[in-house]
Amino acid sequence: MAGRKLTALCSRLTALCSLLMLSCDSIDCTLYNSVDMFCNLYQDGKPASLADTLTITAAGTDSVLLNRKVGAYKFQLPLSYHGDTDSIVLTVRGKDYEVADTIFVTKTNMVHFESPDCPATMFHKITSVSCTHEFIQAVVLVSEDINYARTENIQIHLHPAP
């Protein structure tokens with residue numbers, strides 16, 4: 001009789017433990033938890049690359065976002081969490097010249113929360129883009145939503161080649 005009670009108790013404990021283990025899911029924080037703006041370069045309406053060195057900084061800070069990239073044709077940039085407008089300075093350096101242009105990205109910031117076990121991230125919605133037209137002819141907004149989707153957000157159209 002005692003053996004049956006012990007067996008029944010063990011069966012119930014095993015079933016309870018199995019239910020507890022099934023109900024506890026592993027932490028499933030997204031692997032791509034960086035939220036960046038994706039940019040592509042164009043010239044004469046076609047994808048283009050820079051033969052010279054590109055450096056990108058956040059205006060008014062000492063933050064280098066992209067350091068001396070040669071042959072750039074696309075890149076991704078983080079945006080600020082607090083400000084409504086980010087000023088991003090693109091500097092192209094060649095053998096005998098240096099030219100800089102600034103892109104202004106106006107946006108709204110939205111806190112994104114998935115789970116208590118995962119850190120909150122900041123999504124953005126771009127409301128407008130513009131530039132100072134030094135070597136950039138135009139900046140075109142392609143996708144206003146900046147989130148985990150790794151899609152092109154803006155097109156940077158360079159002045160036509162001479």
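Colleague: What pattern does the chain follow, read along the sequence?
Modeller: This is a predicted model, and read along the sequence the chain follows α-β-β-β-β-β-β-β-β-β-β-β, with one helix and 11 strands in the chain.

Colleague: And what does the pLDDT average over the chain?
Modeller: The chain averages a pLDDT of 84, and 80% of the residues score at least 70. Over residues 16–25, however, the pLDDT is below 50, and that stretch has zero contacts in the model beyond near neighbours in sequence.

Colleague: Okay, on to the inside. What percentage of the residues count as buried?
Modeller: Of the 162 residues of the chain, 31% count as buried.

Colleague: Which residues in the largest nonpolar core touch the most other members?
Modeller: That core has 29 residues, and those touching the most other members are Met37, Leu54, Phe75, Leu90, Ile136 and Ile156. Elements giving two or more residues to this core include strand E1 (36–43), strand E5 (74–78) and strand E7 (98–112), while E8 gives the most, with four residues.

Colleague: Take leucine 90, then; which residues is it in contact with, leaving aside its neighbours within four places in sequence?
Modeller: Leucine 90 is in contact with Leu54, Thr55, Ile56, Phe75, Val99, Ala100, Asp101, Ile103, Phe135, Ile136 and Ile156, once those neighbours are left aside.

Colleague: I'm also curious about asparagine 153. Is it buried or exposed?
Modeller: Asparagine 153, which lies in strand E11 (residues 152–158), has a relative accessible area of 1%, and it counts as buried because that value falls under 20%.

Colleague: What does asparagine 153 touch?
Modeller: Not counting residues up to four places away in sequence, asparagine 153 touches Asp36, Met37, Phe38, Ile126, Val140, Leu141, Val142, Ser143, Asp145 and Ile146. Asparagine 153 and glutamine 76 are 77 residues apart in sequence, yet their C-alpha atoms are 9.4 Å apart in space.

Colleague: Switching to charges: how many salt bridges are there?
Modeller: The count comes to four salt bridges. One of them joins the side chains of glutamate 98 and arginine 93, with N to O at 2.8 Å; glutamate 98 counts as exposed at 53% relative accessibility, whereas arginine 93 counts as partly exposed at 35%.

Colleague: And which residues are linked in a network of salt bridges?
Modeller: Lys125, Glu144 and Asp145 are linked in that way. Lysine 125 forms a salt bridge with glutamate 144, the closest N and O atoms being 3.4 Å apart, and this pair links distant parts of the chain, with lysine 125 in strand E8 and glutamate 144 in the loop between E9 and strand E10 (145–146). The side chains of lysine 125 and aspartate 145 also meet in a salt bridge, at 2.6 Å, N to O.

Colleague: Why does the pair of lysine 125 and aspartate 145 tie together parts that are 20 residues apart in sequence?
Modeller: Because lysine 125 lies in strand E8 and aspartate 145 in strand E10, their pairing ties those parts together.

Technical notes: Residues are numbered from 1 along each chain as its sequence is written. Side-chain values use heavy atoms; hydrogens and water are left out. Buried means under 20% relative accessible area, exposed over 50%, partly exposed in between (1.4 Å probe, protein chains only). Contact means heavy atoms within 4.5 Å. A nonpolar core is a set of buried Ala, Val, Leu, Ile, Met, Phe, Trp, Tyr and Cys residues joined through side-chain atoms within 4.5 Å. pLDDT is the predictor's confidence in each residue, from 0 to 100.
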